[in-house]
Amino acid sequence: MEATNQTSIPRFLLLGLTEDPELQPFVFSLFLSIYLITVLGNLLIVLAVSSHPHLHTPMYLFLSTLSFTDICISTTTVPNMLADVGAGSHSISYPGCLSQLCFVLVFGGLENCLLAVMAYDRYVAICHPLRYTAIMSPRSCVLLVVLCLGVATSNALLHSLMVLRLAFCTDLDIPHFFCELVQVVSLSCSDASLNILLVYSGTSLFAGVPLLGIIFSYCHIVTSVRKIPTRRGRRRAFSTCGSHLAVVSLFYGTGLGVYMSSEVSVSPTKNAVASILYIVVPQMLNPFVYSLRNREMKRALRHLITGAPSSL
């Protein structure tokens, strides 16, 4: 096939989850419902934290940032897919595909880093309670969020700029519902070995370091909690970590599941369906995890929705 440069490249074709016309209305309704639940749930978390003075703490600052990130990553992928299904056209321009790829990497990386920062916050709160307010000052919290955003953006720009060096052929069918980095790189007619090396090494480093930080934090948390003499005190200490642990398990568990699925399955459609687990499902479930397992958040949400007083 003849390679073309980026100035004359045709539009990419996102094949989506299914090409069966009879299933398109179901897919549209399903993803529209998921997107609305995701946006509404995470928006309620952001509003509850911002409007309730008792939640103006580092833990809830990071939580509201995580919820905003979940809204952004869902908005980057789902509305475009809904528009394609509704219009019956699955094409996306080269700049549009590259932009979507970049934003998915930015917000996915930001969520990854935020989970590590939230684990560090719990580590300081439980292992160094007397120094907590000094270490996790408002300025430090803002700097941590900015650092996460900077790292995620740098990683996304690196991969996006590396894609720019590739030449593409005329066969530009992407067996996915959004422009995923690996899928886009695999369509290149030029040598993409450097891109592939960067994808796997960068992913291992970018996902591995935060995960190791989370494991390190919780190892120290478990050690400190075991030293608490009373069972009630241990339960209270662990209760502040339950929601975060659930979200971490959901995020990394679905990511690992998608990776294993792609290794054992050669079906692009099955891989696209599996990718829903990490790009759509966690963002929808995170608000439920934090609202159902966190008493303060439940009271704040009840106050926000019904106007009933919340005695925190």
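The model is a predicted one, and its chain holds 11 helices and three strands. Read from the N terminus, the elements follow the order β-α-α-β-α-α-α-β-α-α-α-α-α-α. Of the 312 residues in the chain, 47% are buried.

Take α3 and α7 to begin with. Helix α3 covers residues 94-127 and helix α7 covers residues 193-226; their axes come within 9 Å and cross at roughly 20°. With an angle like that, under the 35 degrees used as the limit, α3 counts as roughly parallel to α7. The crossing of this pair is left-handed. On the α3 side, the contact is made by G109, N112, C113, L115, A116, A119, Y120, R122, Y123, I126 and C127. Helix α7 answers with F206, A207, P210, I214, S217, Y218, H220, I221, S224 and V225. Sorted by class, the residues of the α3 and α7 contact come out as 15 nonpolar, five polar and one charged.

Next come α2 and α5. Helix α2 (residues 58-87) packs against helix α5 (residues 138-164) at an angle of about 25°, and the two axes are 10 Å apart. That angle makes α2 roughly parallel to α5. Here the crossing is right-handed. From α2, the residues in the contact are P58, L61, F62 and T65, and from α5 they are C141, L144 and V145. Six of the residues in this contact of α2 with α5 are nonpolar and one is polar, with no charged residue.

Helix α1 brings L44, I45, L47, A48, V49 and S51 to the contact, while α11 brings M297, A300, L301, L304 and I305. The class count for α1 with α11 is 10 nonpolar residues, one polar and no charged.

D121 is found in helix α3 and, at 1% relative accessibility, counts as buried. Leaving aside neighbours within four places in sequence, D121 is in contact with P58, M59, F62, Y132 and M136. Of these, P58 and F62 also take part in the contact of α2 with α5.

Now for the cysteines. The structure holds one disulfide. It is formed by C97 and C179, whose sulfur atoms are 2.1 Å apart. The torsion about the S-S bond of C97 and C179 is about -125°, so this disulfide is left-handed. The pair links distant parts of the chain, 82 residues apart: C97 is in helix α3, and C179 is in the loop between β3 (173-174) and α6 (181-186). Both ends are tucked away from solvent by the accessibility criterion, C97 being buried with a relative accessible area of 2% and C179 being buried with 1%.

C113, one of the α3 residues in the contact with α7, has its closest cysteine sulfur in C148, at 4.8 Å, which is too far for a bond. A disulfide would need the sulfur atoms within 2.5 Å. C113 is also buried, with a relative accessible area of 10%. C72 is buried as well, its relative accessible area being 14%.

On the exposed side there is L147. This leucine lies in helix α5, and its relative accessible area of 52% makes L147 exposed. The C-alpha atoms of L147 and L114 are separated by 9.8 Å, although the two residues are 33 residues apart along the chain.

Key
Residues are numbered from 1 along each chain as its sequence is written. This is a predicted model: local features need pLDDT of at least 70, side-chain atom pairs count only at pLDDT 80 or more; totals for chains, interfaces and linings use all residues. Side-chain values use heavy atoms; hydrogens and water are left out. Axes are lines fitted to C-alpha atoms, for helices over the stretch in contact, and angles run from 0 to 180 degrees between N-to-C directions. Helices (H or I, at least four residues) and strands (E, at least two) are DSSP runs, numbered from the N terminus. Angles under 35 degrees count as roughly parallel, over 145 as roughly antiparallel, 65 to 115 as roughly perpendicular and the rest as oblique. A crossing is left-handed if the near helix is turned anticlockwise from the far one by less than a right angle, and right-handed if clockwise. Contact means heavy atoms within 4.5 Å. Ala, Val, Leu, Ile, Met, Phe, Trp, Tyr, Cys and Pro count as nonpolar, Asp, Glu, Lys and Arg as charged, and the others, Gly among them, as polar. Buried means under 20% relative accessible area, exposed over 50%, partly exposed in between (1.4 Å probe, protein chains only).
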